[in-house]
Amino acid sequence: MPEHDFRSPRLFVDAPLDAGATVPLERDQSNYLGNVLRLNAGDSVLVFNGRDGEWRAEISGRKRADMLTVSAQTRAQDRLPDVACVFAPLKHARLDYMVQKAVEMGAARLVPVLTRFTQVSRVNSERMRANVVEAAEQCGIISLAEVADPLPLENFLAGRDPARLLVFCDEAAEVANPIQALQTAQAANAGIDVLIGPEGGFAEEERTLLLRQPAILRLALGPRILRADTAAVAALALVQAALGDWGDSDGRTGGRVPSPLAGEG
(Lines give C-alpha, C1' and ligand atoms only; values in the text may rest on other atoms or scores of the structure.)
Protein backbone atom coordinates (compact mmCIF):
# COMPACT_ATOMS: atom_id res chain seq x y z
CA MET A 1 0.00 0.00 0.00
CA PRO A 2 1.44 3.43 -0.87
CA GLU A 3 2.52 5.63 2.02
CA HIS A 4 0.08 8.46 2.67
CA ASP A 5 -0.10 11.15 5.33
CA PHE A 6 -3.11 10.14 7.43
CA ARG A 7 -2.22 12.42 10.34
CA SER A 8 -2.70 15.82 8.71
CA PRO A 9 -6.22 17.26 8.43
CA ARG A 10 -7.70 16.98 4.93
CA LEU A 11 -10.07 19.41 3.28
CA PHE A 12 -12.03 19.31 0.03
CA VAL A 13 -11.93 22.60 -1.88
CA ASP A 14 -13.74 23.39 -5.11
CA ALA A 15 -10.91 25.40 -6.63
CA PRO A 16 -7.97 24.71 -8.98
CA LEU A 17 -4.88 23.47 -7.16
CA ASP A 18 -1.33 24.26 -8.19
CA ALA A 19 1.88 25.39 -6.52
CA GLY A 20 1.46 28.97 -5.30
CA ALA A 21 -2.33 29.06 -5.73
CA THR A 22 -4.41 30.76 -3.04
CA VAL A 23 -7.77 29.31 -2.02
CA PRO A 24 -10.28 31.37 0.01
CA LEU A 25 -12.00 29.37 2.73
CA GLU A 26 -15.75 29.19 3.16
CA ARG A 27 -17.11 30.16 6.57
CA ASP A 28 -17.81 26.58 7.68
CA GLN A 29 -14.33 25.50 6.55
CA SER A 30 -12.77 28.39 8.47
CA ASN A 31 -14.76 27.45 11.56
CA TYR A 32 -13.75 23.81 11.22
CA LEU A 33 -10.04 24.58 10.95
CA GLY A 34 -9.92 27.33 13.57
CA ASN A 35 -12.53 26.36 16.17
CA VAL A 36 -12.81 22.58 15.82
CA LEU A 37 -9.23 21.60 14.96
CA ARG A 38 -7.68 24.63 16.73
CA LEU A 39 -5.32 25.34 13.85
CA ASN A 40 -3.68 28.74 13.41
CA ALA A 41 -2.00 30.74 10.69
CA GLY A 42 1.11 28.92 9.54
CA ASP A 43 -0.27 25.45 10.21
CA SER A 44 -0.67 23.16 7.22
CA VAL A 45 -3.43 20.92 5.90
CA LEU A 46 -3.89 18.62 2.93
CA VAL A 47 -6.35 19.74 0.25
CA PHE A 48 -7.90 18.05 -2.78
CA ASN A 49 -10.57 18.89 -5.36
CA GLY A 50 -11.10 15.54 -7.10
CA ARG A 51 -9.23 16.77 -10.20
CA ASP A 52 -5.70 17.94 -9.39
CA GLY A 53 -4.48 15.44 -6.84
CA GLU A 54 -3.67 16.15 -3.20
CA TRP A 55 -1.64 19.17 -2.09
CA ARG A 56 -0.18 20.60 1.08
CA ALA A 57 -1.40 24.08 1.90
CA GLU A 58 -0.66 26.63 4.60
CA ILE A 59 -3.34 28.47 6.57
CA SER A 60 -3.27 32.26 6.63
CA GLY A 61 -5.47 34.91 8.28
CA ARG A 62 -5.41 37.28 11.24
CA LYS A 63 -8.46 36.74 13.43
CA ARG A 64 -9.51 33.47 11.81
CA ALA A 65 -8.35 31.08 9.11
CA ASP A 66 -9.59 32.62 5.86
CA MET A 67 -7.10 31.58 3.17
CA LEU A 68 -4.95 28.65 2.09
CA THR A 69 -1.71 28.95 0.15
CA VAL A 70 -0.94 25.81 -1.83
CA SER A 71 2.69 24.66 -1.76
CA ALA A 72 3.55 21.13 -2.97
CA GLN A 73 1.67 18.18 -4.39
CA THR A 74 1.66 15.14 -2.11
CA ARG A 75 -0.22 12.74 -4.40
CA ALA A 76 -1.09 12.73 -8.08
CA GLN A 77 -4.75 12.41 -9.04
CA ASP A 78 -5.98 8.83 -9.17
CA ARG A 79 -9.05 7.25 -10.77
CA LEU A 80 -11.72 5.13 -9.20
CA PRO A 81 -12.64 1.76 -10.73
CA ASP A 82 -15.75 1.96 -12.90
CA VAL A 83 -18.12 0.55 -10.28
CA ALA A 84 -21.54 2.10 -9.71
CA CYS A 85 -23.54 1.48 -6.56
CA VAL A 86 -27.19 1.39 -7.63
CA PHE A 87 -29.60 1.25 -4.70
CA ALA A 88 -33.13 1.84 -3.49
CA PRO A 89 -32.98 4.90 -1.18
CA LEU A 90 -33.14 4.39 2.58
CA LYS A 91 -34.13 6.58 5.49
CA HIS A 92 -31.74 9.34 6.53
CA ALA A 93 -29.28 7.77 8.98
CA ARG A 94 -28.97 4.49 7.12
CA LEU A 95 -28.64 6.26 3.77
CA ASP A 96 -25.86 8.42 5.21
CA TYR A 97 -24.08 5.27 6.39
CA MET A 98 -24.48 3.51 3.05
CA VAL A 99 -23.19 6.47 1.04
CA GLN A 100 -20.16 6.87 3.29
CA LYS A 101 -19.30 3.17 3.11
CA ALA A 102 -19.81 3.02 -0.66
CA VAL A 103 -17.28 5.85 -0.98
CA GLU A 104 -14.84 3.99 1.28
CA MET A 105 -15.31 0.90 -0.89
CA GLY A 106 -14.27 2.86 -3.99
CA ALA A 107 -17.59 3.29 -5.81
CA ALA A 108 -17.26 5.82 -8.62
CA ARG A 109 -20.98 6.56 -8.94
CA LEU A 110 -23.98 6.46 -6.61
CA VAL A 111 -27.32 5.94 -8.35
CA PRO A 112 -30.57 5.96 -6.33
CA VAL A 113 -33.39 4.06 -8.06
CA LEU A 114 -37.05 3.97 -7.05
CA THR A 115 -38.67 0.54 -6.83
CA ARG A 116 -42.10 -0.77 -5.82
CA PHE A 117 -41.03 -1.28 -2.20
CA THR A 118 -38.63 1.67 -1.81
CA GLN A 119 -38.98 3.10 1.71
CA VAL A 120 -38.65 6.78 0.80
CA SER A 121 -39.88 8.75 -2.20
CA ARG A 122 -37.60 11.80 -1.86
CA VAL A 123 -33.82 11.81 -1.90
CA ASN A 124 -31.71 14.70 -0.62
CA SER A 125 -28.97 14.70 -3.25
CA GLU A 126 -27.08 17.56 -1.60
CA ARG A 127 -26.92 15.60 1.65
CA MET A 128 -25.60 12.61 -0.29
CA ARG A 129 -22.90 14.77 -1.89
CA ALA A 130 -21.94 16.16 1.52
CA ASN A 131 -21.53 12.59 2.80
CA VAL A 132 -19.37 11.75 -0.22
CA VAL A 133 -17.07 14.69 0.56
CA GLU A 134 -16.92 13.91 4.29
CA ALA A 135 -16.04 10.26 3.67
CA ALA A 136 -13.35 11.23 1.16
CA GLU A 137 -11.84 13.77 3.57
CA GLN A 138 -11.72 11.28 6.44
CA CYS A 139 -10.44 8.27 4.48
CA GLY A 140 -7.65 9.71 2.34
CA ILE A 141 -9.65 9.45 -0.90
CA ILE A 142 -8.91 12.06 -3.57
CA SER A 143 -11.42 11.07 -6.28
CA LEU A 144 -15.04 11.99 -5.55
CA ALA A 145 -17.88 9.65 -6.39
CA GLU A 146 -20.55 11.13 -8.63
CA VAL A 147 -24.08 11.36 -7.19
CA ALA A 148 -26.82 10.79 -9.76
CA ASP A 149 -30.36 12.09 -9.49
CA PRO A 150 -32.92 9.46 -8.44
CA LEU A 151 -34.92 7.75 -11.17
CA PRO A 152 -37.33 4.81 -11.48
CA LEU A 153 -35.72 1.39 -11.78
CA GLU A 154 -37.29 0.90 -15.22
CA ASN A 155 -35.71 4.14 -16.49
CA PHE A 156 -32.32 3.17 -15.12
CA LEU A 157 -32.43 -0.20 -16.86
CA ALA A 158 -33.59 1.35 -20.14
CA GLY A 159 -30.78 3.91 -20.16
CA ARG A 160 -27.78 1.90 -18.98
CA ASP A 161 -25.03 0.60 -21.24
CA PRO A 162 -25.95 -3.04 -21.98
CA ALA A 163 -22.25 -3.96 -22.11
CA ARG A 164 -21.82 -3.19 -18.42
CA LEU A 165 -22.01 -6.07 -15.99
CA LEU A 166 -25.15 -5.83 -13.84
CA VAL A 167 -24.57 -7.51 -10.48
CA PHE A 168 -28.12 -8.14 -9.28
CA CYS A 169 -28.01 -8.82 -5.54
CA ASP A 170 -31.07 -11.03 -5.16
CA GLU A 171 -32.07 -12.65 -1.87
CA ALA A 172 -34.04 -15.21 -3.90
CA ALA A 173 -30.98 -16.42 -5.81
CA GLU A 174 -29.38 -19.76 -5.05
CA VAL A 175 -26.56 -19.41 -2.53
CA ALA A 176 -23.22 -20.11 -4.18
CA ASN A 177 -19.62 -18.92 -3.90
CA PRO A 178 -19.93 -15.23 -4.89
CA ILE A 179 -16.21 -14.72 -5.55
CA GLN A 180 -16.17 -17.59 -8.06
CA ALA A 181 -19.33 -16.29 -9.71
CA LEU A 182 -17.85 -12.80 -10.08
CA GLN A 183 -14.52 -14.07 -11.39
CA THR A 184 -16.26 -15.94 -14.19
CA ALA A 185 -18.22 -12.84 -15.27
CA GLN A 186 -17.37 -11.80 -18.82
CA ALA A 187 -18.49 -8.16 -18.97
CA ALA A 188 -16.25 -6.40 -16.44
CA ASN A 189 -14.26 -4.48 -19.07
CA ALA A 190 -17.24 -2.17 -19.69
CA GLY A 191 -17.75 -1.39 -16.01
CA ILE A 192 -20.01 -2.78 -13.30
CA ASP A 193 -23.35 -1.73 -11.82
CA VAL A 194 -24.00 -3.25 -8.39
CA LEU A 195 -27.75 -3.25 -7.72
CA ILE A 196 -29.08 -3.35 -4.14
CA GLY A 197 -32.82 -3.56 -3.60
CA PRO A 198 -35.06 -2.14 -0.86
CA GLU A 199 -35.75 -3.76 2.51
CA GLY A 200 -38.87 -5.41 1.12
CA GLY A 201 -36.99 -6.87 -1.83
CA PHE A 202 -37.92 -6.56 -5.50
CA ALA A 203 -41.46 -7.07 -6.78
CA GLU A 204 -41.86 -10.10 -9.04
CA GLU A 205 -42.34 -7.95 -12.16
CA GLU A 206 -39.14 -6.06 -11.29
CA ARG A 207 -37.23 -9.32 -10.83
CA THR A 208 -38.57 -10.55 -14.19
CA LEU A 209 -37.45 -7.32 -15.87
CA LEU A 210 -34.02 -7.56 -14.26
CA LEU A 211 -33.46 -11.14 -15.33
CA ARG A 212 -34.05 -10.12 -18.94
CA GLN A 213 -31.12 -7.70 -18.87
CA PRO A 214 -27.97 -8.52 -20.87
CA ALA A 215 -24.70 -9.16 -19.03
CA ILE A 216 -26.43 -9.86 -15.73
CA LEU A 217 -25.05 -11.79 -12.77
CA ARG A 218 -27.63 -12.78 -10.18
CA LEU A 219 -25.85 -12.98 -6.86
CA ALA A 220 -26.84 -14.17 -3.38
CA LEU A 221 -24.97 -12.53 -0.52
CA GLY A 222 -24.71 -15.60 1.68
CA PRO A 223 -27.22 -17.70 3.59
CA ARG A 224 -28.60 -14.82 5.72
CA ILE A 225 -30.83 -11.92 4.73
CA LEU A 226 -28.89 -8.65 5.04
CA ARG A 227 -30.28 -5.21 5.61
CA ALA A 228 -29.93 -3.02 2.53
CA ASP A 229 -27.10 -0.85 3.86
CA THR A 230 -25.16 -3.94 4.97
CA ALA A 231 -25.82 -5.63 1.63
CA ALA A 232 -24.35 -2.66 -0.24
CA VAL A 233 -21.10 -2.85 1.73
CA ALA A 234 -20.88 -6.64 1.34
CA ALA A 235 -21.58 -6.55 -2.40
CA LEU A 236 -19.09 -3.78 -3.10
CA ALA A 237 -16.43 -5.60 -1.07
CA LEU A 238 -17.00 -8.77 -3.11
CA VAL A 239 -16.87 -6.90 -6.42
CA GLN A 240 -13.71 -5.02 -5.48
CA ALA A 241 -12.02 -8.22 -4.30
CA ALA A 242 -12.93 -10.23 -7.40
CA LEU A 243 -12.91 -7.63 -10.19
CA GLY A 244 -11.87 -4.29 -8.75
CA ASP A 245 -8.76 -2.64 -7.39
CA TRP A 246 -8.25 -4.77 -4.27
CA GLY A 247 -6.11 -7.29 -6.17
CA ASP A 248 -2.42 -8.01 -5.76
CA SER A 249 -0.02 -6.02 -7.91
CA ASP A 250 0.67 -9.08 -10.06
CA GLY A 251 -3.00 -9.29 -11.03
CA ARG A 252 -3.77 -12.65 -9.41
CA THR A 253 -7.19 -11.52 -8.21
CA GLY A 254 -8.83 -11.65 -11.61
CA GLY A 255 -10.12 -9.13 -14.10
CA ARG A 256 -9.78 -5.44 -13.31
CA VAL A 257 -12.48 -2.83 -13.73
CA PRO A 258 -11.33 0.15 -15.81
CA SER A 259 -11.76 3.64 -14.46
CA PRO A 260 -14.62 5.73 -15.88
CA LEU A 261 -11.97 7.84 -17.59
CA ALA A 262 -10.02 4.94 -19.09
CA GLY A 263 -8.75 5.79 -22.53
CA GLU A 264 -8.73 9.57 -21.95
CA GLY A 265 -5.60 11.60 -21.95
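User: Which side chains meet glutamate 146 in a salt bridge?

Analyst: This is a predicted model. In it, the side chain of glutamate 146 meets that of arginine 109, at 3.3 Å from N to O.

User: What makes that N to O contact of glutamate 146 and arginine 109 a salt bridge?

Analyst: The cut-off is 4 Å between a side-chain nitrogen of Lys or Arg and a carboxyl oxygen of Asp or Glu. The pair sits at 3.3 Å, so the label holds. The two lie in distant parts of the chain: glutamate 146 is in strand S8 (residues 146-147) and arginine 109 in strand S7 (residues 109-114), 37 residues apart.

User: Why is glutamate 146 called partly exposed?

Analyst: Its relative accessible area is 43%. Partly exposed covers what falls between buried, under 20%, and exposed, over 50%. Arginine 109 has 33%, so it gets the partly exposed label as well.

User: How many salt bridges are there in the whole structure?

Analyst: A search finds 17. One of them joins arginine 10 and glutamate 54, at 2.9 Å from N to O. Arginine 10 is in strand S1 (residues 10-12) and glutamate 54 in strand S4 (residues 54-60), so the pair ties together parts 44 residues apart in sequence. Both arginine 10 and glutamate 54 are buried.

User: What is the distance between the closest N and O atoms of arginine 127 and aspartate 96?

Analyst: They are 2.5 Å apart, and the two residues form a salt bridge. Arginine 127 belongs to helix H3 (residues 125-139), aspartate 96 to helix H2 (residues 92-104).

User: Is aspartate 96 buried or exposed?

Analyst: Buried. Its relative accessibility is 14%, and the limit is under 20%. Arginine 127 has 34%, so it counts as partly exposed.

User: Where is leucine 46, and why does it count as buried?

Analyst: Leucine 46 lies in strand S3 (residues 44-48). Beyond four places in sequence, its contacts include Leu11, Trp55 and Thr74. Arg10 and Glu54 are also among them.

User: What sets arginine 38 apart in its backbone?

Analyst: Arginine 38 has a positive phi of about 60° although it is not a glycine. Most residues other than glycine have a negative phi. Arginine 38 is in the loop between H1 and S3. At 63% relative accessible area it is exposed, because the cut-off is over 50%.

User: Which loop holds alanine 215, and what is its phi?

Analyst: Alanine 215 is in the loop between helix H6 (204-211) and strand S12 (216-219). Its phi is positive, about 50°. With a relative accessible area of 28%, alanine 215 is partly exposed.

User: Which residues form the nonpolar patch on the surface?

Analyst: Tyr32, Val36 and Leu37 do, with about 240 Å² of accessible area together. Tyrosine 32 is in helix H1 (residues 27-36). Its relative accessible area is 34%. Patch members need over 30%, so tyrosine 32 passes that test.

User: How do you know that the chain is as compact as a globular protein of its length?

Analyst: The chain has seven helices and 12 strands. Its radius of gyration is 20 Å, close to the 18 Å that the globule rule gives for 265 residues, so the description applies.

User: What is the mean pLDDT of the chain, and where does pLDDT stay under 50?

Analyst: The mean is 88, and 91% of residues reach 70 or more. pLDDT stays under 50 over residues 249-254 and over residues 261-265.

Notes
Residues are numbered from 1 along each chain as its sequence is written. This is a predicted model: local features need pLDDT of at least 70, side-chain atom pairs count only at pLDDT 80 or more; totals for chains, interfaces and linings use all residues. Side-chain values use heavy atoms; hydrogens and water are left out. Patches are made of residues with over 30% relative accessible area and no salt bridge: like charges are joined within 9 Å, nonpolar side chains (Val, Leu, Ile, Met, Phe, Trp, Tyr) within 5 Å. Accessible areas come from the Shrake-Rupley method with a 1.4 Å probe; for residues, only the protein chains shown count as cover. Helices (H or I, at least four residues) and strands (E, at least two) are DSSP runs, numbered from the N terminus. Buried means under 20% relative accessible area, exposed over 50%, partly exposed in between (1.4 Å probe, protein chains only). The radius of gyration is taken over C-alpha atoms; the globule rule is 2.2 Å times the number of residues to the power 0.38. pLDDT is the predictor's confidence in each residue, from 0 to 100. Contact means heavy atoms within 4.5 Å.
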